[in-house]
Structures are given as C-alpha cells and as structure tokens.
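Please have a look at the fold first, and then read on.

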Amino acid sequence: MARAAFEIAGQKIARGAVGTVHLPVSIMPDHTPVNLSLQVHHGKREGPTVFVSAAVHGDEVIGVEIVRRLLRAPQLAHLRGTLLVVPVVNAFGFLNRSRYLPDRRDLNRCFPGHPSGSLGARLAHIFLNEVVLRCDCGIDLHSAAIHRTNLPQIRISPKDPVTAHMAMSFGAPVVLTSPLREGSLRAEAAERGTPVLLYEAGEGLRFDEIAVRAGVAGILRVLRGLNMLPAKGIARAKAQPYLCRSSSWVRAPAGGLLRTFRAEGELVEEGDVLASVADPFGAVDTDITAPSSGILIGRAILPVVNEGDAVFHLARLSPKAAEDTVEGLTQQLESDPLFDEDEII
C-alpha cells in the first residue's frame, strides 16, 4: 500500500515530493501579508516526522543559513518519514533585525499562544499547532544575542532520554542541560509530548562558518540516528562532546576597555586570567580570572564594558562517564541547571 500524502493547510504533499506551504499569520499596517512559511519533505517510505526551525528570535540569522544549506543537502533525496523545515519563525523580528516582535515581546515566552491573543500569542499558536505538535520531535536553532557569541552547543531537557539520544547523535562540542522555561517552545512542546533539541551557536546578526557547518552536519547526524537518512555521506563526529552540568557568568569587576585573552571553547583552570579591564587613561588595569575550572561556552564581543557586565559564560564539566550511554549522559547532567541567554543581565 502506497504511503499517504502529507496534508497541511489544505495542501497535499505526495510521497517522495517536496512542497512549500505558507500559513497566514497577520497583515502588516501597510496591508502586506505575513506568513509562516515552511518546506515539507515527505519521504517515500514510512518514518518519523521531525521539524527543524530557525529564527524564533528574529536576529538569530545563523539558524536561517543552517536551514538553507540543509535544504540543499543531497541526502534528503533518500529521506524516510517527513521533515518540516521552517527557515524563519519570527518574520517580524527577522525583517527588523530584532530579537523581538514589534511589541517587544519575546516569541519564545509566548507559548502555547492563543488564536485571538497578542501578535506573539497568535504566531506561537500557529507554529505550535500546525507544525510542532504534528511531529515526533524537533530541532530548534538559536544563537547568542547581539554582541555575544556562543560555542556550538546542544541544550537538552532535564531527564529526557529522547533529547539525550539526539544530542549524542548531533556531535556538537558541548552538551548541557537547560531547564524548561515557562512560555518557551521547548517547555510547551515537552508537555505535549514532542521533545525539542536546542542548538546554540554563534552571534546574533552574524554568520559563523564553523557554527554553520557544525549545525548542518549535526542535523544530518540526528536524522541518521532516527533512521530517516542512510549513513552514506554523513560523517560521524570526530570526538565525544564535553558534558556540562552547571554554568555561571563571569562579570566585569570594573568598567572600561576589555581585552580578552581566552576564546570560547577553551578549557580553563581556577585562577586563570581570562581578560583585563583598563580605564581609558591606562592608570588602572584589573584582571578577570576564572572562579573555577571548566570550559568557556560563550563570551562578550564588545570591547567596552560596564562594571557588572557578563563577559564570559563558564560551564563546569561533568565527571567522565564509565560508559558513553544515554543513561550515563542523563545522570551526569542532572545537576544545577545552566543559564539561558535571557538570564545574563
């Protein structure tokens, strides 16, 4: 019996076909229509349904580039199951080069949304119900905010073996647990039974070639791990990821000009000098040292800082597991949660 077509928004995508769908969201003040656009790859053979989304925050353009390259991957011609790909979730923020919606709401705090609520609530409702909840699992692509950069890293939900398994397949340099925040896509999707893996890498409004390549390769590995793609042409990760159980922000002890001596991805020991802050006259020079050992997973980009500004994101490493298993990963990461991007101020 032939596989049935995939139906969404009144459109049918036949087995083995690719279709682009536009879900109406709103009408802008100048009467320009705004859609939530996605591409559907409906494989010839049965398999899971998975979504990949980018630009929930409009300034996170690195995810859009990852999606663009993913859609050109030749491996998708052999897809099992169904892949729903949304290059830009928050079109309003994307067009305005802003993290937020026009009313300054954070879309990632608007879930589950409501069909007659605020602009963010309406967009969240459409994305959640028309895309996310139709899937077995998903991958949501993010970056640091503007003027900050993140090491490529995977964030998984606490005590969730599905995202832990996906994280091991992805092969990012760092895997860490991140709590489910009220109103976020991950929290609402998890409550409804759709695990979501979060990829963080790079800087807002900027491309980072290493982070882009890591994102594309990781998504292909996850799809391979779900038996949606053949192994041919998909390279395995070269090294096991660092597992991190908690994190803290290292802040500037004084205002002035910041000179950084360490980069994201570097392992540091307690007491290592990470950066120095000097006043414009050069009379006072204050070192910023690591409060503990760990790995730098993010840092500030701007060379001008105020006293108390978050400069480095330092994650503490979990002890090495006896076995690299999903159970071992989950046990190692069940500790203090890491800070979200919105908690750095």
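## Strand β16 and its partners

Strand β13, covering residues 267-268, pairs with β16 in the antiparallel sense over two bridges. This is a predicted model, so please read each pairing below as a feature of that prediction.

Strand β8 (residues 148-156) runs antiparallel to β16 and is joined to it by three bridges, while β18 (residues 310-317) pairs with β16 in the antiparallel sense over four bridges. Here is one bridge from each pairing:

| Strand paired with β16 | Bridges | Bridge partners |
|---|---|---|
| β8 (residues 148-156) | three bridges | Thr149 and Arg299 |
| β18 (residues 310-317) | four bridges | Leu296 and Leu314 |

How many of the seven residues of β16 (residues 294-300) are buried? Seven of the seven are, so β16 is largely enclosed by the rest of the structure.

An open sheet comes next: four strands in the order β15-β14-β12-β17, with antiparallel pairing. β15 (285-289) and β17 (304-305) stand at its edges with a single partner strand each, so one side of each has no neighbour in the sheet. β15 pairs with β14 (residues 273-278) over five bridges in the antiparallel sense, and Val273 has Thr289 of β15 as its bridge partner.

Finally, the cysteines. The structure contains zero disulfides. Cys137 is in none, and the nearest cysteine sulfur, belonging to Cys135, lies 7.9 Å away. Cys137 is buried, at a relative accessible area of 4%, and Cys244 is buried at 0%.

How values were computed: Residues numbered from 1 in each chain as written. Predicted model: local features only at pLDDT ≥ 70, side-chain atom pairs only at ≥ 80, totals over all residues. Heavy atoms only, no water. Disulfide = S-S within 2.5 Å. Buried < 20%, exposed > 50% of the residue type's maximum accessible area, 1.4 Å probe, protein only. Pairing = 2+ DSSP bridges.
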